[in-house]
Structures are given as structure tokens and as C-alpha cells.
Amino acid sequence: MPSHDLPDPRLNRLLAELPQDEYERLVYDLEAVTLTMGEVLCESGGELRHAYFPVDCILSRINITAVGHAMELAMTGRDGLVGISLLLGGETALHTVEVQSAGTAYRLRAEVLTWEFAQCTALHRLALRYALALMTQLAQGAVCIRHHSLEQQLCRWLLHRLDLQPGNSLEMTHEHLAHLLGVRREGVTEAAGRLQAAGFIQYHRGHIKLTDRAGLEAHACDCYRVVRDQLGDLYGGTASSLRTRARARPNPATLRTRAEARLSQAPATRPDTPWDTERLLHELQVHQIELEMHNEELQHAYDEADRLRERYADIYDFAPLAYFTLDPQGVIVQLNLAGAILLGIKRSECGRYRFAASLAQDSLAEFSRFHQQVLDSRSRASCEVVLRPTAHRDATTVRIEAVADESGSECRMVVIDPVTRGKGV
């Protein structure tokens with residue numbers, strides 16, 4: 001657990017977005033590490049033992065070719081994490097990770113992180129969204145290298161780097177910049193000279209100062225804005241509203257560590273007499289046996305809950321009716337197989353679609369009123385709307401039965417199409 005003289009882990013924006021109860025459970029497993037510039041955290045193909053959440057340092061993902069040529073693919077600061085391969089099922093690093101700017105990061109053991117992911121916690125969903133932002137950064141970097149000038153690439157790099165740190169200046173030699181951009185040092189010197197001549201930056205002996213950000217942004221290519229906007233979507237308020245689909249379980253592998261951390265914060269007490277010591281030992285032994293019995297019961301309850309969830313998940317998934325859960329903005333946060341087929345979308349991408357996008361133009365206003373009515377009244381309601389045609393069916397009129405959850409933050413719908421109604425379901 002972080003001590004009081006270390007930076008707050010929530011300076012990392014991803015950790016800051018976690019619900020309070022989830023953050024408090026995770027914080028005992030976070031280990032602060034001080035990183036120095038040029039330090040290599042993991043080699044490409046090496047085992048991933050930790051994920052890193054930077055707070056005031058910047059980490060670079062570096063690709064090194066067989067002949068030794070190196071180039072930065074992406075950088076991560078307080079906007080995200082390093083170790084995304086663990087989320088995607090990998091156990092080894094895809095790229096070499098090098099410290100670009102010294103500072104502090106919090107690391108989390110791989111087994112703890114994979115446990116959290118398996119519980120479908122907010123951390124899991126935030127990390128998935130960060131993975132999308134990271135993929136955007138990788139893709140735009142490739143486009144930028146292929147289609148834009150070195151001067152524009154340098155603008156993109158400088159703007160992104162300054163977004164990840166306070167202030168408007170940084171220490172970076174032309175040689176190191178050339179190493180990160182994968183180009184000759186002379187090319188960086190010429191490009192930086194032109195940016196300085198235009199009044200965008202000042203450069204002197206490895207010190208770069210941004211003097212005209214608006215001008216530098218206008219001079220940069222669209223690649224910077226695409227990556228910036230993707231991160232803006234991640235931390236613009238939508239991420240924190242992602243719901244937790246199931247109760248998160250405490251990780252039994254780290255229970256002892258969390259208990260010791262909590263004990264260290266409690267005031268120390270000592271028994272006064274030998275009788276007190278003997279009695280205390282007896283109470284501790286009994287309490288230990290009680291905890292073991294409770295743990296056995298909890299494990300049985302977990303196993304039974306898993307069996308029930310799997311049983312009813314199959315019923316939900318393969319039901320002939322289409323089921324949807326919408327958030328207050330009408331975004332689909334959950335749907336079953338029949339719902340995915342009806343709208344012609346992938347279930348894995350449901351969080352990217354609003355249900356209204358599948359409606360005919362004439363039905364949009366009616367459905368908007370209906371959706372708001374369900375959330376406000378928290379009572380059951382129904383309506384009929386027209387779905388736009390897809391590659392697998394024509395435009396069709398469907399009936400929607402919906403009800404809100406207790407908090408009024410979800411609209412849960414059953415959508416009945418004519419084929420289903422014709423079968424008497």
C-alpha cells in the first residue's frame with residue numbers, strides 16, 4: 001500500500017476513475033516504484049510479471065528490429081497503464097518498455113490484475129477502453145510515419161508528450177528524439193530548427209520549451225487530434241458511468257496482504273498479564289478456526305452462485321426473445337444473442353451502439369420519449385417502433401416491453417418482432 005510521502009496513485013487517471021470501493025480494495029496491492037530515465041521494464045517476448053500505472057513518469061513502447069533499429073510505437077503516462085497484454089490473454093510483452101521520463105509508477109502483480117479482470121470490474125472495462133485508445137495511437141503513428149513529414153511527426157510527438165506532463169517544457173536531446181522517432185539525428189535537428197524559426201518552440205542544449213501551442217497544433221497533422229480525442233472520450237465522463245455487472249469478489253490470494261496492511265494502520269495494543277496473553281492466544285485460535293469455516297462456506301456459496309449464473313446465462317443468451325439493457329443515454333450495455341441478430345451487431349461491441357441508431361427516422365422521437373418515460377416513472381411500459389432494414393431482414397415493426405431498474409439508471413427491454421409473435425411466444 002502507498003505511504004503518505006509518495007504520490008497519490010489516483011494521479012493516474014485510470015485509477016482515479018475507479019469506484020471508491022474498488023479502488024480501496026486494489027490499493028493494498030499497489031506497489032510504488034521509482035523509475036529512472038532509460039530503465040527497461042520488460043523486453044519484447046519477456047514474461048509480464050507486473051502492470052504499471054504511471055503517475056508522474058512516461059513509459060515508451062519500443063520496437064527493436066533484428067538488426068537493432070529502434071523506434072517508439074506509443075507512449076503512456078498518467079493517462080493509462082502498461083501491461084495491456086495481460087488483459088488480452090497474453091503472458092509476455094509484445095514490445096520493449098523503456099522509461100522515457102523518470103518518476104514514480106505503481107505496479108500491480110500480474111496475477112492480481114488478471115483476477116480483477118476475471119471479475120468484470122470497472123478496472124476491466126476501463127482497461128479495455130484504454131486498449132482502444134492505445135490501438136488508436138499505434139494506428140495513427142503508422143499512418144503518420146507513412147504519409148506525413150518528419151516536421152509533422154515531431155509536432156505530434158511533442159504535443160502528445162506535453163499532454164502527459166505538467167508544464168510546457170521538457171529535457172530531450174535531438175539524439176534521443178531521433179531514437180524514439182526512428183530517424184536520423186540530422187533530420188530531427190532540421191525539423192526542430194524549422195519549428196523554432198516559426199516561433200512554435202525554443203530549443204537549447206537538450207531543453208525544449210513550447211512557446212506557441214496553438215500554432216504547433218495548427219501545424220501538426222490530424223494524427224495528434226485523433227489520439228487526443230480518443231483519450232478525451234475515455235476520460236470525458238462516460239467511463240465512470242460504466243456499470244458493474246456483478247459483485248466484485250475480493251481476491252483470496254491477496255487477503256493476507258490486505259489484512260496485514262490494515263493491521264499496521266491500527267493502534268498497537270499489548271496484553272498486561274500472562275493470563276491476558278493466554279486468553280488472547282485462545283481467542284485468536286478460535287477466531288482462526290471460525291474464519292476457516294466461514295471461508296469454506298463462502299467458497300461453497302461462490303461455487304453455487306457460479307453454477308446458477310451459468311445456467312441462467314444460457315437461458316438468457318439463447319432465448320427466442322431479444323433482450324436489451326440501455327443506459328440513460330440509450331447506449332446498449334448488454335444484449336443477448338437474439339438481440340444481436342435482430343440489430344445485426346456484434347455482442348462484443350455493444351457498448352459502442354445506441355439502440356436508436358437501429359430505428360427508422362419516423363420512430364426516433366417516439367422511442368426517445370418512451371425511453372425517458374421508463375427511466376423517470378420506473379414502471380413497466382410498452383411501445384411499437386420500426387427497425388431499419390439490415391443485410392438479413394427488411395424494415396420491421398417491433399413491440400418493446402420495458403422497465404427501469406430500482407435506481408432508474410438502466411432501461412431493460414424485451415423486443416418482440418413479428419416472427420416471434422407469430423410463433424406465440
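Q: Which residues do ring pairs link into a cluster?
A: Phe324, Phe355, Phe367 and Phe370. Rings of Phe, Tyr and Trp (its six-membered ring) pair if their centres lie within 6.5 Å; planes under 30 degrees apart count as stacked, over 60 as edge-to-face and the rest as tilted.

Q: What am I looking at, and what is counted?
A: This is a predicted model, where local features need pLDDT of at least 70 and side-chain atom pairs count only at pLDDT 80 or more, while totals for chains, interfaces and linings use all residues. Residues are numbered from 1 along each chain as its sequence is written, and side-chain values use heavy atoms, with hydrogens and water left out.

Q: Back to the rings. How many aromatic pairs does the structure hold?
A: Three. In one of them, Phe324 and Phe355 have ring centres 5.2 Å apart and planes at 70 degrees, so that pair is edge-to-face. The two residues are 31 apart in the chain: Phe324 sits in strand E11 (residues 322-326), and Phe355 in the loop between helix H12 (337-343) and helix H13 (364-377). Helices (H or I, at least four residues) and strands (E, at least two) are DSSP runs, numbered from the N terminus.

Q: Is Phe355 buried or exposed?
A: Buried, at a relative accessible area of 0%. Phe324 also counts as buried, at 1% relative accessibility. The cut-offs are under 20% relative accessible area for buried and over 50% for exposed, with partly exposed in between (1.4 Å probe, protein chains only).

Q: What about Phe355 and Phe367, how are the rings arranged?
A: Their centres are 5.1 Å apart and the planes are at 40 degrees, so the pair is tilted. Phe355 is in the loop between H12 and H13 while Phe367 is in helix H13, so the pair ties together parts twelve residues apart in sequence. Both Phe355 and Phe367 are buried.

Q: Change of topic. What does the secondary structure of the chain come to?
A: 14 helices and 15 strands. Of the 425 residues, 42% are buried. Among contacts (heavy atoms within 4.5 Å) between residues at least 6 apart in sequence, 65% join residues at least 24 apart.

Q: Why is helix H6 largely enclosed by the rest of the structure?
A: Because six of the eight residues of H6 (residues 174-181) are buried. They are His174, His176, Leu177, Ala178, Leu180 and Leu181. Gly182 follows H6 and has a positive phi, near 70 degrees.

Q: On to charges. How many salt bridges does a search of the whole structure find?
A: 16. A salt bridge is a side-chain nitrogen of Lys or Arg within 4 Å of a carboxyl oxygen of Asp or Glu. One of them joins Glu217 and Arg228 (3.5 Å, N to O), linking helix H8 (residues 213-219) to helix H9 (residues 222-234) across eleven residues.

Q: Which residues are linked with those two in a network of salt bridges?
A: Asp163, Arg213 and Asp229 join Glu217 and Arg228 in it. Asp229 and Arg228 meet at 3.4 Å, N to O. Arg228 is partly exposed at 32% relative accessible area, and Asp229 is partly exposed at 42%.

Q: Where does Asp405 lie?
A: In the loop between strand E14 (396-404) and strand E15 (411-416). Asp405 is buried but has no salt bridge; Arg412, the nearest side chain of opposite charge, is 4.5 Å away. For charge, Lys and Arg count as positive and Asp and Glu as negative; His and the chain ends are not counted.

Q: So which backbone nitrogens lie by a polar atom of the Asp405 side chain?
A: That of Ser409, at 2.9 Å, and that of Glu410, at 3.0 Å. Leaving aside neighbours within four places in sequence, Asp405 is in contact with Arg378, Glu410 and Arg412.

Q: What does Arg412 form a salt bridge with?
A: Glu410, with the closest N and O atoms 3.0 Å apart. Glu410 is buried at 8% relative accessible area, whereas Arg412 counts as partly exposed at 42%.

Notes. A polar contact is a pair of N or O atoms within 3.5 Å; within protein, one must be able to donate a hydrogen and the other to accept it, and residues adjacent in sequence count only if both atoms are side-chain atoms.
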